[in-house]
Amino acid sequence: MTICFSEKKLVINSLKISQTVGGVLALQGIFRSIPILHSAQGCAAFIKALMTNHYRDPVALQTTALTELDIIFGAEQNMIKAIDTVIDKNDPSVIAVLSTALSETVDDDMEKNLKNYRENDPTDLRLIFPVSLPDFEGSLESGYARTVEAFIVELSHCILENRPVKKQGNRVNLIPGSHLTSGDVMEIKTILSDFGLEVMTFPDLSHSLSATLADGYSPLTQGGSTLTDLKKIASAQLTIVVGNSMEKAGQIIEELHDIPYILFDSLTGLEKVDHFFSWLKNFTQSPVPSRYQWERKQLIDAMVDSHFYFGGKSYAMASEPDHLYTLVMFLKELGCMPAKLVSSYATPALKTMEETVEIGDLDDLERGSDAAEFWLSNSHGQQGAGRLSIPFMPIGFPITGQIANGYRRQVGFRGTIELLLAISQVII
Amino acid sequence: MKNHMINAFQEPACQHNQAQSGQQGCAPAKPGQSNGGCAFDGAQITLLPIADAAHLVHGPLACGGNSWERRGSLSSGSSLYRYGLTTDLSEQDIIFGGDDKLVKSINEIIQRFQPPAIFVYATCVTALIGVDLDAICHQASKRHAIPIIPVNSPGFSGSKNSGNRLAGQALIDYVIGTEDPPFQTPFDLNFIGEYNIAGEMWDIEDLLKQLGIRLLSRITGDSHFKEVQWAHRAKVNMVVCGRALINVARHMEDKYEIPYFEGSFYGAKQTSYSLRKIARLFGDQRLIDNVAVFTANEEKKIEQALKEARKVLKGKRALLYTGGVKSWSVISALQELGMEVVGVGISKSSQEDIVRIKDLVGEDALLIDSRGARVVLETFKKKQGDILIAGGRNIYVALKERIPFLEINQERDHAYAGYTGFRQMARHLVTALQHPVWKLAKLDPPWKE
């Protein structure tokens with residue numbers, strides 16, 4: 001057991017980000033979709049502002065706009081009105097209704113209400129599904145994972161009607177975790193296709209929240225996987241899951257479609273990327289393309305050149321569990337040691353780590369990091385790092401005051417080199 | 001809680017409360033087509049700039065956790081306001097009322113930070129489960145001997161605007177008039193509803209200093225708690241940003257006979273007008289004369305400085321989509337630069353704002369009375385606009401459509417108020433319009449068939 005908990009009642013400078021943000025993020029990776037927050041209007045406005053600041057792109061999001069009176073007289077009507085309005089105005093392919101602490105507290109039965117709603121028009125083929133995402137559980141990472149799981153179940157209902165499905169030899173599913181950027185997802189897709197694989201990705205942020213598939217502005221998502229493509233997931237040979245938090249999504253596909261999955265807990269750092277490529281080589285029976293062999297040499301060269309700077313350095317880090325795990329493993333390869341690690345909520349993967357991780361806030365990080373020589377966290381941590389005069393590098397979400405957060409890469413040999421360079425900019 | 005709300009929404013100086021359609025307060029948000037913030041958001045925006053106070057959000061994580069460190073209000077003193085403090089209610093807390101956690105959180109804040117005051121914000125969930133914020137704050141206040149102020153503005157009670165007003169009510173009920181300043185001067189002025197976005201108030205304060213006018217209380221940009229307490233000792237109030245805090249000004253007029261006016265510092269004309277108006281309200285002939293000379297000089301200087309920018313901006317067509325006082329004061333600033341305002345968003349403007357807007361833009365401009373990016377874009381195309389000027393929410397809407405953009409609302413990083421700010425605004429408008437990226441982004445790849 002290497003997890004401990006903050007002793008404070010009060011949260012000072014929250015690291016945790018509400019699950020609904022993760023839910024909204026997941027939907028951005030599905031084309032022509034929109035999440036509807038079952039909430040007061042402010043909940044959605046905050047998320048929109050937070051995500052727009054980080055991604056510098058419009059974010060598809062609506063709300064049931066609950067008021068005090070709606071709660072007394074039944075929140076269900078607001079949900080129906082919101083869905084009707086969104087369909088009428090924008091005609092989305094996918095709608096997810098995300099619960100919040102408010103709708104959970106009034107015990108609004110979204111599942112039942114949505115079922116009734118669907119029964120009114122069984123000919124409507126779009127996907128509409130509820131996800132329970134109360135603030136008082138988990139964090140961004142779990143909200144994203146739960147939304148992907150709920151989406152797969154919903155999607156599977158309409159696939160299973162068209163059974164049997166013929167498996168395609170080179171087709172694989174890819175489920176990237178919430179800690180991976182648009183740039184990361186694009187990098188993984190590129191690697192897989194360089195091994196001759198056809199990839200169904202979901203959520204696919206590689207062309208959403210950055211340069212998008214469609215041009216111009218729309219209230220719906222302008223990028224991400226299309227529903228037509230996603231219906232092919234049942235014909236894949238295998239599902240590749242990246243990030244421990246997404247394992248359950250892989251399991252659901254295995255159960256529903258009889259497709260095995262393989263989990264990669266990280267695709268960052270020499271050993272993790274080596275493991276990925278050697279697995280790919282075996283799975284596809286293809287040689288590793290020379291480009292990647294060359295990138296691997298570059299990574300080793302960068303690690304050797306930088307080892308004077310990184311060796312023996314101690315760092316403070318706070319991030320979501322999968323992201324924290326990924327970076328701790330990589331920083332170990334660079335010879336760095338954690339002074340203090342803080343994460344947003346406890347997961348089984350964190351428990352397996354040798355290092356002690358505290359579940360707490362950015363103030364907990366600040367109070368244990370006097371000895372640290374660099375600080376990694378989202379931009380909210382910058383003030384704490386400043387008070388301790390420790391060099392700060394923004395990671396995770398949200399990041400403010402710099403551009404191209406969506407494109408930054410940390411996976412594969414190339415992404416690992418870029419991450420190494422980014423950290424070295426801060427510490428050298 | 002109910003009493004505060006009734007007071008705030010019976011505010012006679014607010015046009016939203018007028019007899020028309022028997023409506024009380026601002027129109028409610030619509031499910032599936034809502035983009036605005038909530039009452040909690042509005043209350044937080046208003047009070048958070050009180051920099052040395054602790055601001056504690058009593059609620060589930062999202063209310064505080066998704067919203068802290070978002071605004072551009074700057075402080076020259078304490079940075080306690082930058083701490084995001086929340087009780088982060090768990091499911092157990094919600095079942096058992098959360099009182100215990102609130103009391104302990106207040107204790108922890110006092111032990112750790114020793115603030116002069118704590119603002120405790122209600123949220124939807126705490127209002128719903130019936131937390132008696134007034135009673136808890138009252139007891140804690142007695143125990144710790146510092147003001148602990150309940151802000152009863154849960155998100156689902158209304159719009160951002162209504163939250164501004166409820167926060168104003170909290171200042172009236174608990175803060176203003178509870179302390180005296182160490183000394184007074186003949187020319188003590190308050191700003192009400194000025195938030196020191198990107199430090200722009202400092203430029204104005206500098207002008208006031210040159211004229212011998214002291215800013216006694218800043219409500220609330222770059223303020224400390226004590227100065228808000230002694231705001232009732234000022235001789236003149238200026239309401240700077242919209243009518244959201246008009247209740248505070250009117251209360252001080254009723255109770256302390258402090259005259260107020262509503263003005264703006266956007267554009268040279270408005271800046272000069274406001275300075276002259278301040279002098280007139282102080283009623284001192286020497287000050288009035290000084291200000292007249294000073295503003296004439298400043299205007300001459302800026303006339304020279306803006307020559308080049310005016311050449312570029314003359315006749316350029318702008319669409320302005322913002323709210324409150326900015327919806328008319330920015331129009332007049334743009335017109336000073338020779339620009340034409342072809343469309344104005346009025347969904348967040350009061351009747352009085354709209355009258356002023358109509359006076360300024362004439363018949364040809366379109367007034368946009370609904371919210372949402374789509375209407376803005378349609379109007380922009382219809383009126384063949386050159387630049388969109390709006391809040392942060394619309395930046396990337398414009399950029400996706402390859403439309404030049406200037407950010408005008410609270411999240412921005414640039415100071416636009418006063419003469420100095422006006423020069424900067426002109427410079428940014430020129431840069432936005434002339435930037436090479438607009439040509440480049442429209443190029444098709446040469447290999448495209």
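**A tour of the A–B interface and selected sites**

Start with chains A and B displayed together: between chain B and chain A there are 24 residue pairs in polar contact, both residues being at pLDDT 80 or more, where a polar contact is a pair of N or O atoms within 3.5 Å, one of which, within protein, must be able to donate a hydrogen and the other to accept it, residues adjacent in sequence counting only if both atoms are side-chain atoms. The model is predicted, so local features need pLDDT of at least 70 and side-chain atom pairs count only at pLDDT 80 or more, whereas totals for chains, interfaces and linings use all residues. Residues are numbered from 1 along each chain as its sequence is written, chains are lettered from A and ligands numbered from 1 in the order in which they are written, and side-chain values use heavy atoms, with hydrogens and water left out.

Next, select the side of chain B that touches chain A. Elements giving two or more residues to this side include helix H2 (39-47), helix H5 (99-113) and helix H18 (395-400) of chain B, helices being DSSP runs of H or I with at least four residues and strands runs of E with at least two, numbered from the N terminus. H5(B) provides the largest share, seven residues. By residue class, this side of chain B divides into 26 nonpolar, 18 polar and 15 charged; here Ala, Val, Leu, Ile, Met, Phe, Trp, Tyr, Cys and Pro count as nonpolar, Asp, Glu, Lys and Arg as charged, and the others, Gly among them, as polar.

Now show both sides. The contact (heavy atoms within 4.5 Å) takes 59 residues from chain A and 59 residues from chain B. Together the two chains bury about 5000 Å², 60% of it on carbon and sulfur atoms, buried area being the accessible area (1.4 Å probe) lost on putting two parts together, summed over both.

Select Lys400(B) and Asp57(A), whose side chains meet in a salt bridge at 3.3 Å, N to O; the term requires a side-chain nitrogen of Lys or Arg within 4 Å of a carboxyl oxygen of Asp or Glu. Three salt bridges are found across this interface.

Move to strand E2 (residues 11-12) of chain A, which pairs with E2(B) in the antiparallel sense over two bridges, pairing requiring that DSSP finds at least two bridges between the strands. Ile12(A) has Leu85(B) as its bridge partner in E2(B). Then select Asn13(A), in the loop between E2 and helix H1 (19-28) of chain A; Asn13(A) is not a glycine, yet has a positive phi of about 60°.

Within chain A, go to Asp363(A) and Lys8(A), which form a salt bridge with their closest N and O atoms 3.3 Å apart. Asp363(A) lies in helix H15 (residues 362-367) and Lys8(A) in the loop between strand E1 (3-5) and E2 of chain A, so the pair ties together parts 355 residues apart in sequence.

Finish with two cis peptide bonds. One joins Phe397(A) and Pro398(A), with omega about -5°, and Pro398(A) is in the loop between strand E15 (392-394) and helix H17 (412-427) of chain A. Another joins Ile219(B) and Thr220(B), with omega about 5°, and Thr220(B) lies in strand E6 (residues 214-220) of chain B.
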